[in-house]
Amino acid sequence: MPVTASTLLQDSLQTLKANSILVGNIRDNNLGINTIARGYFNLAITLPNLPFALSDSLPAKFTNPQLDSVVTYLSYNQLYGNTTQLAHFDLYNLQQRIGDREVYTSSTTLPLGEAIGTNLVSSLTRTRKTRVKVASGGATDTSTVVTQVADPSLRLVLHKPAQSSSFATALFEQLKNSNFNQAALDAFWKGLAVVPSAGFTGTMVGLGYNPSAVTSQVLVYYRVPSDPETPTKKKWRSYSIFLGTSLSAGNAGAARYFTQITPDLSGAGAFARLTDDSKEVTAAEANGVTYMQNGVGLGTKLVIPGLEDLRKESGLAINRAELIIPVKGYSNLLFTSPLQAYLYEINSHNRVLQRTVGITPIKRLVQADGENQQSQRAHSSNAPNSEATVTYYDLGANNKYYSVVITSYIQAYLYNQLGGELPAGLLLSPSLDLPTSIEASLPLNLNRAVLDGNNIKLRIYYSNLR
């Protein structure tokens, strides 16, 4: 069966505690979309779920500690665009903390407080020294050498002797108080916003846990002129304030964080109207292609007119139904194709339908083959996911496609067993939108696919039981 395809723009995506937080400013010249992303963080004085605290480095422990520098380290696991230019970011205090019970999506913003650092510069090709073992000469050979390795992190210097910061100085005064704790930090520093500096374009960075990089943290370096442990010389010390991305995604104890994403479609031709409510751009209007992209929120609407004809026949058994979505050849230069996608049921106004599971309203996702199409399990560490996964296949430069088996779904559709109104179409999206009450390791990136909208097919094999 032929499928009619068009491009939609989703309202917002859940970005709270995703596996990455996007910051930067990048333009997609192919589509004409300019995307600006800002990161918002709560802060913590200790890493959760560790058997030790780090308060022994609190400056208040020592006599006459003297501030040297304050550096924000942000580890990253994704880079888009120009990776050789210097990155320029501004750091802001937040006027309020990221709430423990509020919902945060890509369209959420928090009011910014004072700028605590502007036009801070970092290389995207940093390296660090590490000691590695050399080729073994035997069981007792412990020879090592020092070598340079990549350090995928931003290093934003907020304060140093030649670059004074009143905020850093005030923060250090807080650390000289022996009663300093998490409550004191929250009262003084509501949270951190990382924003691309004015004029900085062409690069997007995905901040997130990376075992190869320095832990994401604000490091306060100081010295103690008469350290009791080493009284004959000056001793350099540091105190760490951690960001939620210090830990692998999905850690329940990590401080909250989210990404605000602002796509500007004003220069995107026909796609500029996607910002209007429920508007779409057909494949015929876009040289035969449609798009789906995480982060920005682009998705492809799929309408299968032939299903209505099948519904008029009785006694049909669906033996197999497979949706095949070819990718336009040689179409992705700036972004990587998503490795998987999901199917949402939408109404005639291009709104995702919902069903209630327990007391939680959940967006209707096509469920995996063999699953009850009226159920939907909330994601957790001890409950397997039940949504159908649309898988990406790369068989060569001009032979790439997405595919998913939806036999159970088509059978339920034909017999009106979906538990609610019949959908007017399906939305193909690389973004998995879970219940807002769930904090999980959701993927957040700018991966994008350009689909051959004129050649999407639903292959159905069925039997007539009469």
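Select serine 75 and glycine 208. A polar atom of the serine 75 side chain lies 2.8 Å from the backbone oxygen of glycine 208. That is a polar contact (N or O atoms within 3.5 Å; within protein, one must be able to donate a hydrogen and the other to accept it, and residues adjacent in sequence count only if both atoms are side-chain atoms). Serine 75 sits in strand β5. Helices (H or I, at least four residues) and strands (E, at least two) are DSSP runs, numbered from the N terminus.

This model is predicted: local features need pLDDT of at least 70, side-chain atom pairs count only at pLDDT 80 or more, and totals for chains, interfaces and linings use all residues. Residues are numbered from 1 along each chain as its sequence is written, and side-chain values use heavy atoms, without hydrogens and water.

Stay on serine 75. Its relative accessible area is 2%, so serine 75 is buried. Buried means under 20% relative accessible area, exposed over 50%, partly exposed in between (1.4 Å probe, protein chains only). Contacts of serine 75, leaving aside neighbours within four places in sequence, include Pro152, Leu207, Tyr209, Val214 and Thr245. Contact means heavy atoms within 4.5 Å.

Zoom out to the protein chain. Its secondary structure comes to 4 helices and 27 strands. Of its 466 residues, 51% are buried. Among contacts between residues at least 6 apart in sequence, 78% join residues at least 24 apart.

Next, the cores. A nonpolar core is a set of buried Ala, Val, Leu, Ile, Met, Phe, Trp, Tyr and Cys residues joined through side-chain atoms within 4.5 Å. The largest has 40 residues; Phe89, Trp189, Leu192, Leu207 and Tyr239 touch the most other members. Helix α1 (166-175) gives the most to this core, with 5 residues. A second, separate core has 35 residues, including Leu302, Tyr413, Leu426 and Ala449.

Pick tryptophan 189. Among the residues it touches beyond four places in sequence are Leu43, Asn93, Phe167 and Ile241.

Now the aromatic pairs. The structure holds 13. Rings of Phe, Tyr and Trp (its six-membered ring) pair if their centres lie within 6.5 Å; planes under 30 degrees apart count as stacked, over 60 as edge-to-face and the rest as tilted. Phenylalanine 172 and tyrosine 222 have ring centres 5.9 Å apart and planes at 50°, so this pair is tilted. Phenylalanine 172 is in α1 and tyrosine 222 in strand β13 (217-224), so the pair ties together parts 50 residues apart in sequence. Both residues are buried.

Move to tyrosine 392 and tyrosine 402. Their ring centres are 5.0 Å apart and their planes at 40°, so this pair too is tilted. Tyrosine 392 lies in strand β23 (390-394) and tyrosine 402 in strand β24. Both are buried.

Colour helix α4 (407-414). Of its 8 residues, 6 are buried, so α4 is largely enclosed by the rest of the structure. The buried ones are Thr407, Tyr409, Ile410, Ala412, Tyr413 and Leu414. They pack against α3 (306-311), β19 (316-326), β20 (340-346), β24 (400-405), β25 (425-429) and β27 (457-464).

Arginine 311 lies over the face of tyrosine 413, 5.8 Å from the ring centre. For a charge over a ring, NZ of Lys or CZ of Arg is within 6 Å of the ring centre and within 35 degrees of the ring normal.

Last stop: asparagine 287. Its phi is positive, near 55°. Asparagine 287 is in the loop between β16 (281-282) and β17 (289-293). Its relative accessibility is 73%, so asparagine 287 counts as exposed.
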